[in-house]
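Have the structure open while you read.

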Amino acid sequence: MKRSTDIDPTIRANFNHAKLLVVEDNPDHGFIIQSELRRSMPEVKTILATNADETRSYLSQCQGNDWDIPKMVLLDLYLPDRQDGWDLLDYIRGLPADISKIPVVLFSYSGHREDIVEAYQRGCSSYLVKPSRTSEWQAYFDQLRSYWWETVTLPSNRISVF
């Protein structure tokens, strides 16, 4: 697997002061997610929020402090119910541009077409279905790293590019 020192310098910027905000209300999933993210993306600091209120509080503290703004939000749709996830996505998209333009990747066990369509209509950057087995999380986050951290160019934490 590539590490940030082995990739193109323009993409290497994705790892500069990189933070990933994970919003997951299930403690078992939170543990698995943090463990697998540390393994597949050791350059990235993971911040775990367990509910919408913690997420709002963290993002409020980030406003005006570019170095604290995460490069991505990984948002569980069901927190514990779907409306909580929708409300949080709407909240993020309603924040000032330095935060509202952050990629928000929704992830859920739901593969229902209605959830996927609504997620994109509300402004998510991507929708992922969670793996059904614990053993599948490693490959899941390796793919997440490959696409979101090594292929696309994420917004800078220093200046707003939007």
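There are zero disulfides anywhere in this structure, which is a predicted model. Salt bridges are another story: a search of the whole structure turns up 11 of them. Here's the rundown by topic.

**Cysteines**
- Cys62 is buried, at 1% relative accessible area.
- Cys124 is buried too, with a relative accessible area of 8%.
- With zero disulfides in the model, don't go looking for a sulfur-sulfur link at either Cys62 or Cys124.

**Confidence**
- The mean pLDDT for the protein is 87, and 88% of the residues score at least 70.
- Among the elements, strand E3 (residues 72-76) has the highest mean pLDDT, 97.
- At the other end sits helix H1 (residues 9-12), with the lowest mean, 61.

- Glu36 and Arg39 pair up through their side chains, with an N to O distance of 3.0 Å.
- Both belong to helix H2 (residues 27-40), and because they are three residues apart there, about one helical turn separates them.
- Arg39 counts as partly exposed, at 29%.

- Glu43 and Arg145 form a salt bridge whose closest N and O atoms are 2.8 Å apart.
- Glu43 sits in the loop between H2 and strand E2 (45-49), while Arg145 is in helix H7 (residues 137-149), so this pair ties together parts 102 residues apart in sequence.
- Glu43 is partly exposed at 22% relative accessibility, whereas Arg145 is buried at 1%.
- The side chains of Arg122 and Asp90 also meet in a salt bridge, at 2.4 Å from N to O.
- Arg122 comes from the loop between helix H6 (113-121) and strand E5 (126-129), and Asp90 from helix H4 (residues 82-93), so the parts being tied together are 32 residues apart in sequence.
- Arg122 is partly exposed, with 24% relative accessibility, and Asp90 is partly exposed as well, at 35%.

Terms used. Residues are numbered from 1 along each chain as its sequence is written. This is a predicted model: local features need pLDDT of at least 70, side-chain atom pairs count only at pLDDT 80 or more; totals for chains, interfaces and linings use all residues. Side-chain values use heavy atoms; hydrogens and water are left out. A disulfide is a pair of cysteine sulfur atoms within 2.5 Å. Buried means under 20% relative accessible area, exposed over 50%, partly exposed in between (1.4 Å probe, protein chains only). pLDDT is the predictor's confidence in each residue, from 0 to 100. Helices (H or I, at least four residues) and strands (E, at least two) are DSSP runs, numbered from the N terminus. A salt bridge is a side-chain nitrogen of Lys or Arg within 4 Å of a carboxyl oxygen of Asp or Glu.
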